[in-house]
Amino acid sequence: MADAMEVMMLSIIAPELRCIWKLPRWQEALITTVVFVGQFFGAAIWGKFCDKFGRKTGLVACSVWLLYYGFLSSISPTYVWFLCMRMLAGFGVVGGNQGNTLVSEFVPSKVRGKCLAVMGSFFAIGSIGIALLALVTMSTLGWRWMLALSGIPLAGFICLSWWLPESARFCMLCGNEAEAYKTLQKVARMNKKSLLPGRLKKIVVAERGKFSDMFETKEMTVTSLLLFYIWFTAAFAYYGIVLLSTEFLTQTVDNTCTSKSVGSLSGECGFWCERMSTEDYIDFIKTTFAEFIGSV
């Protein structure tokens, strides 16, 4: 959900900042780019962090990180400061993927796919949520308030994180059998069920894989390269469409000032931009509902 709000927020806020700070197109695009640069470096680091300290600890830590730098983004005084804060926020948002890991280690294999699909629907909820928030705040309170208020779901998760149990499988991998048993007892009690009799079976920890293992054989090399290509094309197409959606809604016929345009840097309106109107936000929300269809 936080990941979806982050992506959708970029498509809304970048055109707005172009108008406010009179940014050229390449600087507007850089607002989006730095977030994905942060995600690139954060993916591997958060993965190792959660493998060492736990899934729950990693989720809470990345949520605190994202909430902190998301709030600092809302009070950034200059364009450069904003870029730095958004890159650090991008570094934190990718850690939220550990939620999928936590769920997959809890639920039985026969329903694991369904549970992960249900979790995917929250991506759509986050997308619609940020669009609704923008509709309410952008024309009245402004982009800073939208950024600040978008952290409310994260703040709620952090406050309720005491309830979230650690992965029992992770506890067993760390040799903490007592903590794993305690977690399973808590889950059984919450579901009003009796814990099955018996003892937990110790998990044999295999040697951790290396990046080079993906290219160890010819078959592995081909499979790895195909997966790289599939993920690249899927991400390229999806994020490209999402980030261009606001451009489609506010695009003018030519490079001239209109009633919705904001100021110019020259007498001939060499600089122009458009803010989204209420109708544009409503259209944006309608198109965002397609996320639910994709989840199904």
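Contact here means heavy atoms within 4.5 Å. Keep that cut-off in mind for the tour of this predicted model.

**Stop 1: helix α10**

Select residues 177–190, which form helix α10. The helix has 14 residues. From first C-alpha to last, α10 reaches 20 Å, close to the 20 Å expected at 1.5 Å a residue.

Now colour Ala180, Thr183 and Ala188. These α10 residues are buried. They cover an arc of only 135 degrees around the axis, so they sit on the same side of α10. An α-helix has 3.6 residues a turn, so residues three or four places apart point the same way.

What covers this buried side? Show α5 (98–106) and α9 (168–173); the cover of the buried α10 residues includes both.

Turn the helix over. The face of α10 away from its buried side carries Ala178, Lys182 and Arg189, which are exposed. Then step just past the end of α10 to Lys192. Its phi is positive, about 55 degrees.

**Stop 2: helix α6**

Select residues 109–137 for helix α6. This helix has 29 residues. It reaches 43 Å from its first C-alpha to its last, close to the 42 Å expected at 1.5 Å a residue.

Highlight the buried residues of α6. Among them are Ser121, Ala124, Gly126, Ser127, Ile128 and Ile130. Ala131, Leu133, Ala134 and Thr137 are also buried in α6. Keep Gly126 and Ser127 on screen for the next stop.

**Stop 3: helix α1**

Pick Ala4, in helix α1. Is Ala4 buried or exposed? Ala4 counts as buried because its relative accessible area is 0%, and the cut-off for buried is under 20%.

Which residues does Ala4 touch, leaving out those up to four places away in sequence? They are Phe123, Gly126 and Ser127. Draw a distance from Ala4 to Gly126. The two are 122 residues apart in sequence, yet 5.3 Å apart in space, C-alpha to C-alpha.

Stay in α1, residues 2–21, and move to Ser11. Ser11 counts as buried because its relative accessibility is 2%. Beyond residues up to four places away in sequence, Ser11 touches Val242, Leu243, Ser245, Thr246 and Phe284.

**Stop 4: a nonpolar patch**

Show the surface and select Phe211, Phe215, Val222, Leu225, Leu226, Leu227, Phe228, Tyr229, Ile230 and Trp231. Together they make a nonpolar surface patch of about 1100 Å².

Zoom in on Leu227, in helix α11 (residues 218–250). Leu227 counts as partly exposed because its relative accessibility is 44%.

Conventions:
Residues numbered from 1 in each chain as written. Predicted model: local features only at pLDDT ≥ 70, side-chain atom pairs only at ≥ 80, totals over all residues. Heavy atoms only, no water. Patch = residues over 30% accessible without salt bridge, like charges linked within 9 Å, V, L, I, M, F, W, Y side chains within 5 Å. Areas by Shrake-Rupley, 256 points an atom, 1.4 Å probe, with all protein chains shown as cover. Salt bridge = Lys/Arg side-chain N within 4 Å of Asp/Glu carboxyl O. Helix = DSSP H or I, 4+ residues; strand = E, 2+ residues; numbered from the N terminus. Buried < 20%, exposed > 50% of the residue type's maximum accessible area, 1.4 Å probe, protein only. Expected span 1.5 Å × (residues − 1). Arc of directions from axis to C-beta.
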